Amino acid sequence: MTAELDVLSFDGRPFDALAALQPVAPHPQEPDGRAPQGVPEPTTSDPSTHDRSTHDPAALAAGIVAELRAELVAAHRAAMDVQVRWQERALAALAGPATPGVPGAGEWTPAALLAAVADQLGDGPGRGGGPLRLALTWDGDLPRHGEQVRVTRTPSGALVRAGERPVLRVDGPTAPAVPAPAPALAAAPATFRPEGALEPLAATPVDHLGPAEIDLLVAGRAGAVFGARHDQQAPRLAAGLLRAVTELRPGGPAGVGVLRGPCAVPAGDTDVVAAAWQAGSVLALWLGLHLCVPEARFQPVGTCGAELFDTTGAQDAEVVAEITGADLVPRPWLRLDAEIRAGERVLARVSELTVALREAPGVPMGTRSGGRPPVRPVRRGITGDLAVVDELALATASVGDLGPALGPEFARYAERRATRPPAGGLRLVGRVMAVQGTRGELSGGATGETEFDSPADAWYYGAAPSPSVPNVVLMETSLQSALLLGYHLGATLVDPEQDYSLRNLDGSATLHREVELRGRTIRQRSTLLSTTVLSGAVLQGFRYALWLDGEDRDTVDPFYSGQSLFGFFTAAALANQTGLDNGASVPNWLEERPGTPVRVVDVDTGASGPLHLVDRIEVVDGGGRHGAGYLRAVRPVEEGDWFFARHFHLDPVMPGSLGIEAVVQALQQWLLDTGATAELDHPEFVVPAGVELTWRYRGQILAGDGAMTLEVHVREVQRRPGRVRVIADASLWKPGLRIYELDGIAAEAREKGAQPW
């Protein structure tokens, strides 16, 4: 049998100690108003007892009963008033002081709901600091203002409802086991983020917080704590045990974030959850997860566990938390594990607590029909201007729904093969800042402005064979920026019932000057040159240019520029691809010369993880079309290769830019193997400036192809003080077809501090 207990109001009839009394029938009075014989007169000297309407004993008894009933009701009301006031104070302490004009003031928090459960279920394990284990499952959004919150006992714990909708299920409390040490928690150092790991939406140098900064976050002032890029309407940090933050950095098992800070010793289960919720909320604000969500609110999601162990004798404590998972979709979220420690002793632990950011109910999001900007854009770019398509919309498009990024006309493609931005670490455009053009007008002249933040700890800096940005990032960020413009203008809406796949066909690009991109924002400008509609295909040409944040694009030349041709193809059109040689199977140079002596060289350029693309190369000294050297490499292609999950959703294909990167790595190894870098002091690889790369693609590497083969014909080696570069031509095959042709592909090594080429 269960009993429902209302947290903030009283359900049912009030308890009445006199409800069982039978009403007293009035006695007949004597004509002169005296009491009947045998009923004594009141003996009290209180004048009020003589001023009753009658001295009749029955009336007197009825008056006494009524007076006692009124006093009991008044006492009951006073007790209820005290309880309500106590709840208000408890909620204020858990949710933070009410701040006039700050959105979300006084909202419910997970700890506040747990406090309501504890209050109604009474004392038990953990209620007074003793050991306990809880499992909390969040079934819905936190209660909103005006919703009645009710707690219902269940056989295993409690159920919390807001109105009629379930919000929280509590299993427990039960006594926990002795805490096992968790030496790995927060032990992972800050290194480069793994490919696909969530990157901050706004960088900040802040790595610790004092009590004053904690108070600012409680007041909803994230910008005053983390900097101007965070200066946007932010949800308020709930008050709790956390007193300060001594460590706030990337790292942990997901490579996203770790937090440490002193806190009060937990007195019960509510304190444990409150401390972990605070830690997760601080990490979410530090990452800027609120920046893409209008009127953002913190919301718990899924199931988490909370354990409180013996706190006897503990005087000081520390919260240690690490993010174990995070993403932007379906709404920005992070999951963390946390411990409260006193030295090496674990006092409490919370596992798999998920903190999500949700927009306020009824707030519209996403691009409107016709490609019009959102009703309530909130994301701001590096200059402070509002973005028309933000990171959340692009991330959503990468893995499914195109509607938020491009408008409701594209919602039909949610579960269909269609053109989508790359996902994970290959999504290298952050936000669309402006589109100057009208949907449906495809003749040319429209422009688009985008931005891409390149964090100093981005995965590609750790995986590249050099400390500078690799060629694949320069190519992808520029090409993705251009294709978004054409897609936004409605290239595939010429036949909206068709499913189109996007393929890059050809292009050329030049790095004009070496730049340091770590921790900088790239600003991209793309211009639509032309659109050609064919049977089964739509072809679009673009010109693009890239600048760094802070550069005046009217007076400073771009550091990178190029132009490219894209095609949107139906499945039938893609099936008819014939490669670069009209369907003929053309052998590579070495196959045409059987018996040619070769040297096999293991590739050890420093590339690792996702960017380790070539294991070994075959070298023919003095070979190739130019007689300056020849290289060949074969790379296995497997369905589990990481890039198929990133490029593209429901239409997996290897990016052409990674095929080019494989050629670059072969050339880098050739520079090392031939001793061309021997005269350089601690050489490092860079993308050569001033060399135009031209490419043609007439096919694609698919998961079932099994292998790709590349060959390189060295043209020349050039030298400058502290620098050496090699320039070559190259081709790439899938089984039976030559599909890539590269002209001016180059690799360069330099000494640190060497003068530009």
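Arginine 632 in strand S20 is the bridge partner of glutamate 618. The model is predicted: local features need pLDDT of at least 70, side-chain atom pairs count only at pLDDT 80 or more, and totals for chains, interfaces and linings use all residues. Residues are numbered from 1 along each chain as its sequence is written, and side-chain values use heavy atoms, with hydrogens and water left out.

**Strand S20 and its partners**

- Strand S19 (residues 616–620) pairs with S20 in the antiparallel sense over three bridges; two strands count as paired if DSSP finds at least two bridges between them.
- S20 also runs antiparallel to strand S23 (residues 707–720), to which seven bridges join it.
- Leucine 631 has valine 712 in S23 as its bridge partner.
- S20 spans residues 630–636 and is mostly covered, with five of its seven residues buried. Buried means under 20% relative accessible area, exposed over 50%, and partly exposed in between (1.4 Å probe, protein chains only).

**Nonpolar cores**

- The largest nonpolar core has 101 residues, of which Tyr460, Trp695 and Ile745 touch the most other members. Helix H10 (residues 471–489) gives the largest share of this core, eleven residues.
- Another core, of 84 residues, lies apart from it and includes Leu132, Val149, Leu242 and Leu285.
- A nonpolar core here is a set of buried Ala, Val, Leu, Ile, Met, Phe, Trp, Tyr and Cys residues joined through side-chain atoms within 4.5 Å.

**Largest pocket**

- The largest pocket holds about 520 Å³ of space. Pockets and cavities are found on a 1 Å grid over the protein atoms alone: in a cavity a 1.4 Å probe fits but cannot get out, while a pocket is an open set of points with protein on both sides within 12 Å along at least five of seven lines. Lining residues have an atom within 4 Å of a point. Grid points are joined across faces, edges and corners, and a volume is the space filled by probe spheres set on the points.
- Its lining has 32 residues, and Ala197, Glu199, Leu328, Gly424 and Arg427 lie nearest the centre. Two or more lining residues come from each of strand S9 (317–327), helix H7 (391–398), strand S13 (447–454) and helix H9 (459–463).
- H7 gives the most to this lining, with four residues.
- By class, the pocket lining has 19 nonpolar, six polar and seven charged residues. Ala, Val, Leu, Ile, Met, Phe, Trp, Tyr, Cys and Pro count as nonpolar, Asp, Glu, Lys and Arg as charged, and the others, Gly among them, as polar.

**Serine 398**

- Serine 398 is in helix H7 and is buried, at 1% relative accessible area.
- A polar atom of the serine 398 side chain lies 2.9 Å from the backbone oxygen of leucine 394. The backbone oxygen of proline 422 lies 2.8 Å from a polar atom of that side chain.

**Cavities**

- There are four cavities of 30 Å³ or more.
- The largest cavity has a volume of about 270 Å³. Of its 23 lining residues, Arg503, Asn504, His647, Gly656 and Tyr697 lie nearest the centre. H10, strand S14 (501–511) and helix H12 (656–673) each give two or more residues to the lining.
- The lining of the largest cavity divides into twelve nonpolar, eight polar and three charged residues.
- The second largest cavity holds about 230 Å³. It is lined by 22 residues, with Asn471, Val664, Val687, Pro688 and Ala746 closest to its centre.
- The lining of the second largest cavity has 16 nonpolar, five polar and one charged residue.

**Backbone geometry**

- Most residues other than glycine have a negative phi, and most peptide bonds are trans.
- The peptide bond from glycine 172 to proline 173 is cis, with omega near 10 degrees; proline 173 is in strand S5 (residues 165–174).
- Histidine 647 and phenylalanine 648 are also joined by a cis peptide bond, with omega about 5 degrees. Phenylalanine 648 is in the loop between S20 and H12.
- Glutamate 352, in strand S11 (residues 345–358), has a positive phi of about 55 degrees. Glutamate 352 is partly exposed, at 46% relative accessibility.
- Asparagine 582 has a positive phi near 55 degrees and is exposed, with a relative accessible area of 73%. Asparagine 582 lies in the loop between helix H11 (571–575) and strand S18 (599–602).

Conventions:
A polar contact is a pair of N or O atoms within 3.5 Å; within protein, one must be able to donate a hydrogen and the other to accept it, and residues adjacent in sequence count only if both atoms are side-chain atoms.
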